[in-house]
Amino acid sequence: MAGLTCLFALATAGCSGTAEHRSPTGYAPYVDATEASAHDAAGSPTTYNLAFVISDDSACTPRWNGTHAVDDATVSSRISALKKGGASVRVSFGGASGKELAATCGSVSALAEAYGAALDAAGSTQADFDIEGDELTDSASVAQRSRAIARLQRERPGLGVTFTLPVMPSGLDADGLALLASANRYDVQVSTVNLMTMNYGESYDGDMGDYAITSATAAHTQLREVFGTSGAAAWRGMALTSMIGVNDVEGETFTLSDAAQVRAFAEDEGLGWVSMWSTFRDQRCGADASAQDALTECSGVRQETGAFAEAFAP
């Protein structure tokens, strides 16, 4: 595995495993690429994760949310506005809905071209691969994705790659670890493993801040083993993304105090960045909001607008 000793290379000083200095933990929320939120800039993000580029459902054509062309003028204007304050943008491929491109593109070259088209349209040198559900268990698409990313990195030196994966308090599951092993096998240089600290299941109805820290600690041990790196580099190559407020699983609610707890932990351990799903939910629900609204348009908890962003910010 030629890539083994160099994983997390973009988060450290070369492949020595020794960071030049300990940078502050960044704040990089997920935003809707097609629709602006009035509080996207809350917390002064260092990077925005643009959600999501997926297939148009039938071919190897990258589209924002499966509906908008990657060079759509509305999206381009939105990206320009997000960058105005000095933040960078990371293109997020995949997500919980629709088909990730690796499931519909017929070859490694076509897949790499599709990923590259989206990155070029966004003017981005950072790619996030949010792999979950059926996409995570499809070994054929996992291997094709790894090969395409490796090819893309050879063509684009310096391309930063993040894998966003589900996690439990016990750590990454076998499918998540298999995806990272595939990345190793094909020499993908991984900048960050972003853990989705959310939606653990009905039996997890305790403190969501504690669960996030327990999950990160378990995954840290796994990442050290998978990547053969130091403890400090494994922390630096980790990010945490929480679903603010009411989660998809009944009984799970991530509060403002949980956000402050996660932020303090990330600073103490020197994590790469923290994130949340998502800026457009970082507001209180209206009096007539439904339970579904709390999953798509607001947090479902009492808060000031942008309060979660401020809690996560440096």
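## Helices, strands and core

Gly228, which comes just after helix α6, takes a positive phi of about 60°; helices (H or I, at least four residues) and strands (E, at least two) are taken here as DSSP runs, numbered from the N terminus. The structure is a predicted model, in which local features need pLDDT of at least 70 and side-chain atom pairs count only at pLDDT 80 or more, while totals for chains, interfaces and linings use all residues. Residues are numbered from 1 along each chain as its sequence is written, and side-chain values use heavy atoms, with hydrogens and water left out.

The pLDDT, the predictor's confidence in each residue on a scale from 0 to 100, has a mean of 92 over the chain, and 93% of the residues reach 70 or more. Over residues 1-6 the pLDDT is below 50, and this stretch has twelve contacts in the model beyond near neighbours in sequence, a contact being heavy atoms within 4.5 Å. Residues 9-20 also have pLDDT below 50, with 18 contacts in the model beyond near neighbours in sequence.

At the start of α6, a side-chain oxygen of Asp207 reaches to within 3.0 Å of the backbone nitrogen of Gly209. The helix has 20 residues and reaches 28 Å from its first C-alpha to its last, close to the 28 Å expected at 1.5 Å a residue, where the expected span is 1.5 Å times one less than the number of residues.

The largest nonpolar core holds 76 residues, among which Phe93, Tyr115, Phe163 and Leu180 touch the most other members. The largest share of this core, nine residues, comes from helix α6 (residues 208-227). Such a core is a set of buried Ala, Val, Leu, Ile, Met, Phe, Trp, Tyr and Cys residues joined through side-chain atoms within 4.5 Å; buried means under 20% relative accessible area, exposed over 50% and partly exposed in between, with a 1.4 Å probe and protein chains only.

Tyr115 is one of the buried residues of α2, which also include Val108, Leu111 and Leu119. Leaving aside neighbours within four places in sequence, Tyr115 is in contact with Phe93, Phe129, Arg145 and Leu152, among others. The buried residues of α2 pack against β3, β4, α1 (73-83), β6, β7 (126-130) and α4 (139-155). Gly123 follows α2 and has a positive phi, near 65°.

Strand β3 (residues 47-55) is mostly covered, with nine of its nine residues buried. Strand β10 (residues 238-243) has six of its six residues buried, so it is largely enclosed by the rest of the structure. In a regular strand the side chains alternate between the two faces of the sheet. In β10 both faces are covered, by Met238, Leu240 and Ser242 on one side and Ala239, Thr241 and Met243 on the other.

The table lists strand pairings, where two strands pair if DSSP finds at least two bridges between them.

| Strands | Sense | Bridges |
|---|---|---|
| β2 (residues 30-32) and β3 | parallel | three bridges |
| β3 and β6 (residues 88-94) | parallel | five bridges |
| β3 and β4 (residues 62-64) | antiparallel | three bridges |
| β9 (residues 192-197) and β10 | parallel | five bridges |
| β10 and β13 (residues 273-277) | parallel | five bridges |

Within these pairings, Asp32 stands opposite Ala51 in β3, and Ile54 stands opposite Arg63 in β4. The hairpin of β3 and β4 has six residues between the strands, and there Asp57 takes a positive phi near 90°.

Note on methods
A polar contact is a pair of N or O atoms within 3.5 Å; within protein, one must be able to donate a hydrogen and the other to accept it, and residues adjacent in sequence count only if both atoms are side-chain atoms.
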